[in-house]
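We will go from stop to stop, picking residues and looking at what surrounds them.

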Amino acid sequence: MFLIRLLFQNCLMKGVTRRDFRTQRPAMAKVGDRLPSMALFEDSLENEINIRELTSNKKTIIFGVHGAFTPDCSKIHLPGFVVSANYLKSILNVHEIICISVNDPFVMSVWGEEHGAGGRIRMLADPSGDFVQVLDLAMNLPALGGLRSKRFSMIVGDTKVLKLNVEPDGTELGCSLAQNIVKSGIN
């Protein structure tokens, strides 16, 4: 106990305060939460998009994937939203559909082009994973390079989470798929 107190006092003398230490994990996003005012990137690092501003005064679908060009994300998750985009926009009265991944914006752009997402899905990069970490929608997948997004989908109305579907283990393909957002959707 003495050593802990001594170390803590030593840290205080060096300008480190108790506020610098996180004792709890961030709470997972939930229905009713407002999206944070954070930068994501579209097409390049120069094209910074504030997610809160983007979702302000409109209804939006946001879905998260592990990574661009990963097998299930490329074969099932993204294509499902691309094919269903017009239907989802009309039946749920959604203005935009956004795909988010912990990737760089250049990779996200090329991946979107390869899958015909242009005009249907906005491909936003969360290069350092800040957005998914703040929402506690991040997970460690060493085989994919470490920090990645859990698979999730959400409906957002005027920056507020109206519906949130997170895969139970973060990796399955079930509740976060395009066809399932209609079942859980908000009209």
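Select Glu-42 together with Asn-47, Ile-49, Pro-105, Arg-122, Met-123 and Leu-124: Glu-42 touches each of these, not counting residues up to four places away in sequence; contact here means heavy atoms within 4.5 Å. Glu-42 sits in the loop between strand 1 (39-41) and strand 2 (48-50), where helices (H or I, at least four residues) and strands (E, at least two) are DSSP runs, numbered from the N terminus. Its relative accessible area is 13%, so Glu-42 is buried; the cut-offs are under 20% for buried, over 50% for exposed and in between for partly exposed, with a 1.4 Å probe and protein chains only.

A word on what you are viewing: this is a predicted model, in which local features need pLDDT of at least 70 and side-chain atom pairs count only at pLDDT 80 or more, while totals for chains, interfaces and linings use all residues. Residues are numbered from 1 along each chain as its sequence is written, and side-chain values use heavy atoms, with hydrogens and water left out.

Next, pick Cys-73 in helix 3 (residues 71-91). The UniProt annotation "active site", from an unreviewed entry, covers Cys-73; such annotations may be inferred rather than shown by experiment, and positions follow the numbering used here, with feature names shortened. Is Cys-73 buried or exposed? Cys-73 is buried, at a relative accessible area of 0%. Leaving aside neighbours within four places in sequence, its contacts include His-66, Trp-111 and Arg-151.

Trp-111 leads on to the largest nonpolar core: with Ile-61, Ile-97 and Ile-121, Trp-111 touches the most other members among its 23 residues. A nonpolar core is a set of buried Ala, Val, Leu, Ile, Met, Phe, Trp, Tyr and Cys residues joined through side-chain atoms within 4.5 Å. Colour helix 3 to see the largest share of this core, six residues. Then centre on Ile-61, whose contacts beyond four places in sequence include Phe-81, Leu-88, Ile-97 and Ile-181. A second, separate core has 22 residues, among them Ala-29, Met-38, Ile-62 and Leu-135.

Move to Val-132 in helix 5 (residues 130-134). Val-132 is buried, with a relative accessible area of 0%, and its C-alpha atom is separated by 8.2 Å from that of Arg-148, 16 residues apart along the chain.

Finish at strand 8 (residues 152-157) and strand 9 (residues 160-166), which run antiparallel and are joined by six bridges; strands pair if DSSP finds at least two bridges between them. Gly-157 stands opposite Lys-160. Two residues lie between the strands of this hairpin, where Asp-158 takes a positive phi near 50°.
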